[in-house]
Amino acid sequence: WFFILNLQHTQAEADAKVRLLAENSARMLSDYLLEHEKVLIRIAARPMVKALDPDHCDPVIANYVALNPAYTTLAVRDLHANPVCSFLPNPASGNTMRHSSGFIEAVRNEGFSASGATLGSSTGRWISALAQPIRDSTGKKIGVVRIAIDLQRLSDDLLGSVPKDALVTVIDQRRNILLRSAQAQAYIGKPALSMATQSNRRLREGFMTVKGLDGIVRRAAFVTIPGVEWRVTAGLPEQQLLADFRLTLWRSVAIGIATLVLAIALAWRIGAAIIRPIRDLAATVALIANGNRTARATL
């Protein structure tokens with residue numbers, strides 16, 4: 001009963017730790033996306049951007065990316081994905097971008113959107129495209145302004161403060177790894193573990209124990225960022241979380257074994273003390289029965 005209560009208490013504390021880590025990471029990422037949504041809304045409202053004139057591009061398109069190394073490009077495209085203005089001198093063609101899931105989602109969405117992990121055609125790096133519709137004076141959607149975020153840099157910036165013994169992973173809408181607090185470069189773009197996605201796919205938040213791609217079993221909590229539907233998972237090694245409980249368990253087992261050995265030794269000694277005089281009395285009786293009338297038992 002004691003060990004069951006102790007284990008339940010330890011598990012509750014472990015869940016509280018990983019949930020706090022997941023919620024803090026999700027909050028930082030949500031704030032980051034909200035800030036960029038506001039930026040894109042302001043850019044989309046600029047008259048030169050709304051004009052969709054490739055011969056008169058807004059200077060902000062060329063200057064904004066240069067101020068932030070985490071961006072790989074900033075571009076304005078019409079609804080057919082044709083480039084109007086771009087930070088890159090040779091942006092992806094409209095035919096290439098037209099079939100991109102990120103652009104399709106951006107056009108379909110009435111507001112801010114964030115794509116999953118995508119391999120940038122011009123940079124060769126994993127990116128996520130943040131997009132905002134451009135509307136004319138009547139409110140009709142006429143184009144899209146997009147910022148491409150370098151996911152490696154974003155992982156370092158947002159998740160760089162995560163403790164080394166913890167692991168925070170962000171999974172995109174297609175269940176691929178978007179951000180990772182450790183070894184991000186080796187894991188971004190790879191499919192997340194099926195156990196971590198299929199068994200909890202319908203849940204927006206919860207807990208799970210899963211063996212990671214690195215072979216370590218972790219107790220993890222996950223939360224979903226509304227709007228972009230990114231899942232933030234934070235975990236700590238199960239061995240570490242249960243270390244105190246297991247230490248207490250082994251100490252108690254050792255104490256219990258030692259106490260049992262001592263009790264058996266004491267019982268054997270008491271039993272021997274009871275049996276010895278009875279054995280002596282039986283030996284004396286046997287002597288008398290054999291004719292030794294002088295034999296006497298000890299009192």
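Ala75 touches Cys85, Ser86, Val144, Val145 and Arg146, leaving out residues up to four places away in sequence; contact here means heavy atoms within 4.5 Å. Ala75 sits in strand β1, where helices (H or I, at least four residues) and strands (E, at least two) are DSSP runs, numbered from the N terminus. With a relative accessibility of 10%, Ala75 counts as buried. Buried means under 20% relative accessible area, exposed over 50%, and partly exposed in between (1.4 Å probe, protein chains only). Leu236 is 161 residues from Ala75 in sequence and 39 Å from Ala75 in space, C-alpha to C-alpha.

A word on the model. Residues are numbered from 1 along each chain as its sequence is written, and side-chain values use heavy atoms, with hydrogens and water left out. The model is predicted, so to speak of local features takes a pLDDT of at least 70, side-chain atom pairs count only at pLDDT 80 or more, and totals for chains, interfaces and linings use all residues.

Strand β1 turns up again in the largest pocket, giving four residues, the largest share of its lining. This pocket holds about 440 Å³ of space. Its lining is made by 26 residues, and the closest to the centre are Ala92, Met97, Ser121, Ile127 and Arg146. At least two lining residues each come from β1 (71–78), α4 (94–98), α5 (101–108), β4 (118–119), β5 (126–135) and β6 (141–150). As for the terms, the search runs on a 1 Å grid over the protein atoms alone: a cavity is a set of points where a 1.4 Å probe fits but cannot get out, a pocket is an open set with protein on both sides within 12 Å along at least five of seven lines, and lining residues have an atom within 4 Å of a point. Grid points are joined across faces, edges and corners, and a volume is the space filled by probe spheres set on the points.

Four cavities of 30 Å³ or more were found in the whole structure. The largest cavity has about 270 Å³ of space. Of its 19 lining residues, Leu167, Thr169, Leu193, Val210 and Gly212 are the closest to the centre. Two or more lining residues come from each of β7 (167–171), β8 (177–180), β9 (205–211), β10 and β11 (230–237).

Back in strand β5 there is Ser128, which counts as buried at 2% relative accessibility. Its side chain reaches the backbone oxygen of Ser115 at 2.7 Å. Such a polar contact is a pair of N or O atoms within 3.5 Å; within protein, one must be able to donate a hydrogen and the other to accept it, and residues adjacent in sequence count only if both atoms are side-chain atoms. Setting aside neighbours within four places in sequence, Ser128 touches several residues, including Ala114, Ile147, Leu178 and Trp230.

Thr224, in strand β10 (residues 217–225), is buried too, with a relative accessible area of 18%. A polar atom of the Thr224 side chain lies 2.8 Å from the backbone oxygen of Arg204.

Finally, the rings. One aromatic pair was found in the whole structure: Tyr64 and Tyr71 have ring centres 5.5 Å apart and planes at 15°, so the pair is stacked. Rings of Phe, Tyr and Trp (its six-membered ring) pair if their centres lie within 6.5 Å; planes under 30 degrees apart count as stacked, over 60 as edge-to-face and the rest as tilted. Tyr71 is buried at 7%, whereas Tyr64 is partly exposed at 22%.
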